[in-house]
Amino acid sequence: MRFSWFQNQDNVVYADVNEFAETFGKETGVQNFREKLDSFRADPVKEGILLKGKKRTTLKLFIPDLYFDDKEEKLEMGDTVWVYMGEYYPCYCVYWPQEEANVNDKAVPAYKFFSNAKCDYFPCHKVDDKTSFNCMFCYCPLYALGDKCGGNYKYLDNGIKDCSNCMVPHRKNSYDFITARFSDLAELAKKTC
């Protein structure tokens, strides 16, 4: 296995274990594929493990950071389980979605909330309650919408948009508000002929 091959993002597919494991296990004929992924994740070995399927398939489970431990560079998400079947097939980088995070005793799905208290700039806005400060959108994607972003901004004399008083991207429930505006961003990015 060549490290450089895995660096090419065209060769890597990111797969949610909950959506990937059952279907892929059936396609390859590897019985109890999800259990084998979970087991390897819990107790990985440096060289990885080979799994043989009933459909003449062999695949390798490995963790790039362990396997390529001599490399100074690291692959994105190289600390999770990857499924490799050779360079003629995509390599699957499998991720396990986090359980729901509790924010002020209210469950918020982990993909909608992330707080990085170890960041040098945390929190990047003045807040009373740091536990509900959402870092998911560290840089607000709505900034590009200018005066149509829906946030608390002002324009400085030099024309720069100042969002230092805006908490829209940092509220614990900001995910739905921001993702609902992605069609506006797509429209903005659309190439005009």
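User: Why is Asn165 called exposed in this predicted model?

Analyst: The relative accessible area of Asn165 is 54%. Exposed means over 50%, so Asn165 is classed as exposed. Asn165 is located in the loop that runs between β9 (161-162) and α5 (174-179). Its C-alpha atom is separated by 6.7 Å from that of Tyr153, and the two are 12 residues apart along the chain.

User: What makes Asn32 exposed?

Analyst: The relative accessibility of Asn32 is 51%, and the cut-off for exposed is over 50%; Asn32 therefore counts as exposed. The loop between α2 (17-28) and α3 (33-42) holds Asn32.

User: Which peptide bond is cis, and what is its omega?

Analyst: The bond from Phe122 to Pro123 is cis, with omega near -20°. In general, most peptide bonds are trans. Pro123 belongs to the loop between β7 (106-108) and β8 (154-155).

User: How do you know that the count of disulfides is zero?

Analyst: The criterion is a pair of cysteine sulfur atoms within 2.5 Å, and by this rule the count comes to zero. For Cys93, the nearest cysteine sulfur is that of Cys91, 7.7 Å away, and Cys93 is in no disulfide. For Cys138, the nearest cysteine sulfur is that of Cys124, 6.1 Å away, and Cys138 is likewise in no disulfide.

User: Are Cys93 and Cys138 buried or partly exposed, and why?

Analyst: Cys93 has a relative accessible area of 0%; buried means under 20%, so Cys93 is buried. Cys138 has a relative accessible area of 48%.

User: Why does Val13 count as partly exposed, and where does it lie?

Analyst: Val13 has 33% relative accessibility. Because this value falls between the 20% and 50% limits, Val13 counts as partly exposed. Val13 is part of strand β1 (residues 12-16). Leaving aside neighbours within four places in sequence, Val13 is in contact with Pro90, Cys91, Tyr92 and Cys93. Val13 and Ser174 are 161 residues apart in sequence, and their C-alpha atoms are 28 Å apart in space.

User: Why is the protein chain called more spread out than a compact globule?

Analyst: The secondary structure of the chain comprises six helices and nine strands. The radius of gyration is 21 Å, whereas the globule rule gives 16 Å for 193 residues; the value is well over that figure, so the chain is more spread out than a compact globule. The C-alpha trace spans about 65 × 50 × 35 Å along its principal axes.

User: How much of the protein chain counts as buried, and what supplies its exposed area?

Analyst: Of the 193 residues, 36% count as buried. The chain exposes about 13000 Å², of which carbon and sulfur atoms supply 49%.

User: What share of the contacts joins residues at least 24 apart?

Analyst: Among contacts between residues at least 6 apart in sequence, 50% join residues at least 24 apart.

User: How far apart are the mean positions of the positive and negative charges?

Analyst: The mean positions of the 26 positive and 29 negative charges are 3 Å apart.

Technical notes
Residues are numbered from 1 along each chain as its sequence is written. This is a predicted model: local features need pLDDT of at least 70, side-chain atom pairs count only at pLDDT 80 or more; totals for chains, interfaces and linings use all residues. Side-chain values use heavy atoms; hydrogens and water are left out. Helices (H or I, at least four residues) and strands (E, at least two) are DSSP runs, numbered from the N terminus. The radius of gyration is taken over C-alpha atoms; the globule rule is 2.2 Å times the number of residues to the power 0.38. Buried means under 20% relative accessible area, exposed over 50%, partly exposed in between (1.4 Å probe, protein chains only). Contact means heavy atoms within 4.5 Å. Accessible areas come from the Shrake-Rupley method with a 1.4 Å probe; for residues, only the protein chains shown count as cover. Lys and Arg count as positive and Asp and Glu as negative; His and the chain ends are not counted. The place of a charge is taken as NZ of Lys, CZ of Arg, CG of Asp or CD of Glu.
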